[in-house]
Amino acid sequence: MGNFFKDNEDLQFYMDRGIDWDSLIRITELNFQAPDGHESVAEAKEFYTDVLSMLGEFVANEVQPNVAAIDHKKVKLVDGEAVCPPEWDAIFEQLAELGTHGLPIPRELGGMNMPVLTYFMNGEILGRADVSAMTHSSFHAGIAMALLVYSVHEGTTTFDSEKLIISETRFGDAVREIATGAAWGAMDITEPDAGSDMAALKARAVQDEDGNWFITGSKIFITSGHGKYHIVIARSEPDMSLGLEGLSLFLVKAYEDNEDGTRTRYANIVRVEEKLGHNGSATCAMEFDRSPAQLVGRRGEGFRLMLLLMNNARVGVSFECIGIMEAAHRLAREYAAERGSMGKTIDKHEMIADYLDEMENDIYGVRALTMHAAFHEEMAHKLKLYGRAMRAAGRSLEFLGIDSDEALEARIKHHEWESRRMTPLMKYIAAEKSVEHSRRCIQIHGGAGYTKEYGAEKLLRDALVMPIYEGTSQIQSLMAMKDQLGRILKAPQDFLKDVAQTRWRSVSADDELERRVAKIRGAGLKTLQLVLQRTIAAKIKDVRRLPMSEWKAAFADMDPKRDFSYAMLHAERLTRILIDSAITEVLWNQAKEHPERREILERYIERAEPRVRFLYDEINTTGTRLLRRLSPDQDSRAAE
Ligand SMILES: Cc1cc2nc3c(=O)[nH]c(=O)nc-3n(C[C@H](O)[C@H](O)[C@H](O)COP(=O)(O)OP(=O)(O)OC[C@H]3O[C@@H](n4cnc5c(N)ncnc54)[C@H](O)[C@@H]3O)c2cc1C
C-alpha cells in the first residue's frame, strides 16, 4: 500500500519539528480555550499527522491509478455545464467523505479547524499525483477561507468573546456548504484583454436604484468555473483612467439548484478550454449578463482585497509545484536505477547522477522557502482574526510573548513582511523548477520519456502553466525587485547597516556554513546596490558621489516606465540571487536547530555560490546594447 505522506521524509520533518507548531497550534486553537478543540500541542499534532497519513494513503491508492484516464478523457462542455470524467467525480465524492474540503475551516462553520499549512501539505500530496486534482481541491476550502477573511476585513464577522467562536459571518452559508463538499468556488479576474495588467479590466458592475449590484462582462481561463460561488473583480467606476482604483470585488452565485432537479444559471459557462495539460481541471470562459452580485468590502477596494489573499494563493501554487517536482524526481530516479547503458545503470553515469542530485536538493530548498512563507502568511491572518479578538475580550496572548496591542500589531507586521518578502521569490522558483524538473524527467527517460507510457510527458504538460498562472514569473520578478528597492529607498540607513553586518558575519561567524550563507546574502545586497546605482545613474551622471541617503530624493522625479528600465531588465536575474539568499538563510536557521539538516544546507550552498557569482556578473556586464535599442530617445531618432 503506497502512502504519499509516509514515504516522504522531508514532509514528515516539517510535520514533526520543522515548523513552529507551538505558536501556530496555540493561535489556531485559541490557546486551547475554545470549545471542542484539541487540548494540547501534542494532541493536535498527532491528529494532523493521522489526517495526512490517511490522505497520503488515499492519494497513492485512489487518485494516482486514475490520473492517466482523467488526463485522456478531459473535461467537456455538455448543455452549458462542465462534465468531468467519472473517475474524477468518484475521487471528489470520496474526498468530501473524508472531510478534506473543510480541513482548515473553523469547527463552528462545519470544518476541522486544522492549520491552513496542513491543507497546503495535503495539496502537495495531491499535486504529486495530479495537479488538476490539487487545483480543484484548493477551490473548495481556499474560496471558503477567502470569504471568511473578506468578511472579517469588512467587519461582518462577529466573534463571541465568551465562547471564543465565530458567532456570525456574512458568507457563513456558503462557507458551510463548501465545507461539506456540496459546492466550491472560483476566482474570476482574467479577461480576454487583461491578464497581468489588471488596470485594463473591463467587466462592469452597475447598481440599480435600489442599490442592487449586477455584473456584465467576460472572464476567461477561470479554474473550476463550474463552481457555484464566484469571487469576481469588476469595474464599478466607469472612468477607465481610475485604473486599479476603479475596481471592486463581488460575490456572484453562478447558479441555484431548484427542488425539481433543474438549475437556474446567473452566469454562463460559454467554453471549457482545450489545454496542453491540466486536463482534469475545468478551465472555463464565463459570461456575466446582468448577473446579480454582492459587493464585498468597500467600493473601489477590489484590487486591495485581491492583494489581501494573493500571497495565500501563491503559496498554494508553490505547494502544487513541489508536488510536480517530487513526482518528477521520483519517476526519474526509479527509471534511472533500472535503465542500463554502457555497462551500468544510468543513475551511475555522472551527468545523470548530477541531475538527480540537484533535483533532490532543489526540492529541499524550495520546500523550505515555501513552508517558511506559508507559516508567516497564516500567522499574520490568524493574529488579525483571533489575536485581535482575544485581546479585545481581555484574554492573554502571553503564550506568543505578546503583552500589549502594540506588540500584537508589531508581530502582525513582522509576519506580513516576511510573507510578502518571500512570496514572489517562492512562487518564481517553485514554478520555474517544476518545469525544469519535469523536463529533466523526460530527458532521463530518453525516448521512453517522449511517449505517453511513463507519465513523464504529462508532468511537463501540467507544469508549463505554473510560471503563468497566479502571477507570471516576470510579474513575480518585478514585485520582488520593487519591494526590495522600495524598502531600501524608504530606509537607506537600515540597508547600509544590513550590508555592514552581513559583511562582518561573512568573515567573523564561528561556523563556516554561516559565513558562506552570509556571503550569499552579501552578494544579494551588493546586487541590489548595483541595480539601484545603475538605475539612478541613468538619470544622474554623478551618482557615485551622491550619498545613499540622498538616493530617495533623486528618485522622486523619475518616470518608472522609462527610468527603471535597467532594474526591470535584470529583475529576473536579481530575483534568482535573492532566492538563493533567502533559501540559504531559511536552511541555515533549520540547521542551527536541527544539525541533521546541515548536509542539506551544505549541498545547497555548493550549487548556489557559483550561480550567484554568474548572475551578478551577467547583471553587471550585459544589457546596455538592448536598453539603448529600447530607449524612447532611440525611437524618436529612428522616426526622424
Ligand atoms: C490553466 C489556467 C488556469 C487559470 N486560472 C485562472 C483563474 O482561476 N482565474 C483567473 O482570473 N485567471 C486564471 N488564469 C489566467 C492567468 O492568471 C493569466 O493567464 C496570467 O495572469 C497571465 O495573463 P495573460 O494570459 O493575459 O498574459 P499577459 O498578461 O498578456 O502576459 C503575456 C506575457 O507577457 C509578460 N508580461 C506582461 N506584462 C509584463 C511586464 N510589465 N513586464 C514583463 N513581462 C510582462 C508575462 O509575464 C507573459 O510572459 C488561468 C490561466 C491558465 C492557463
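**A pocket and a helix pair**

H11 contributes the most to the lining of the second largest pocket, namely eight residues. The model is predicted, so local features need pLDDT of at least 70 and side-chain atom pairs count only at pLDDT 80 or more, while totals for chains, interfaces and linings use all residues. Residues are numbered from 1 along each chain as its sequence is written, and side-chain values use heavy atoms, without hydrogens and water.

A pocket here is an open set of points on a 1 Å grid over the protein atoms alone, where a 1.4 Å probe fits, with protein on both sides within 12 Å along at least five of seven lines; lining residues have an atom within 4 Å of a point. The volume of this one is about 820 Å³, taken as the space filled by probe spheres set on the points. Of its 28 lining residues, Trp417, Arg421, Asp483, Gln484 and Arg487 lie nearest the centre. Domain 1 (9-177 + 303-463) and domain 3 (473-632) both supply lining residues, so the pocket lies between them; the bounds come from an automatic or database domain assignment.

Helices are DSSP runs (H or I, at least four residues). H13 (residues 473-490) packs against H15 (residues 512-537) at about 80°, with axes 11 Å apart; the axes are lines fitted to C-alpha atoms over the stretch in contact, and angles run from 0 to 180 degrees between N-to-C directions. The two helices are therefore roughly perpendicular, the term for 65 to 115 degrees. In H13, Gln484, Leu485, Ile488 and Leu489 meet Leu528, Val531 and Leu532 of H15, contact meaning heavy atoms within 4.5 Å.

Notes:
Parallel < 35°, antiparallel > 145°, perpendicular 65-115°, else oblique.
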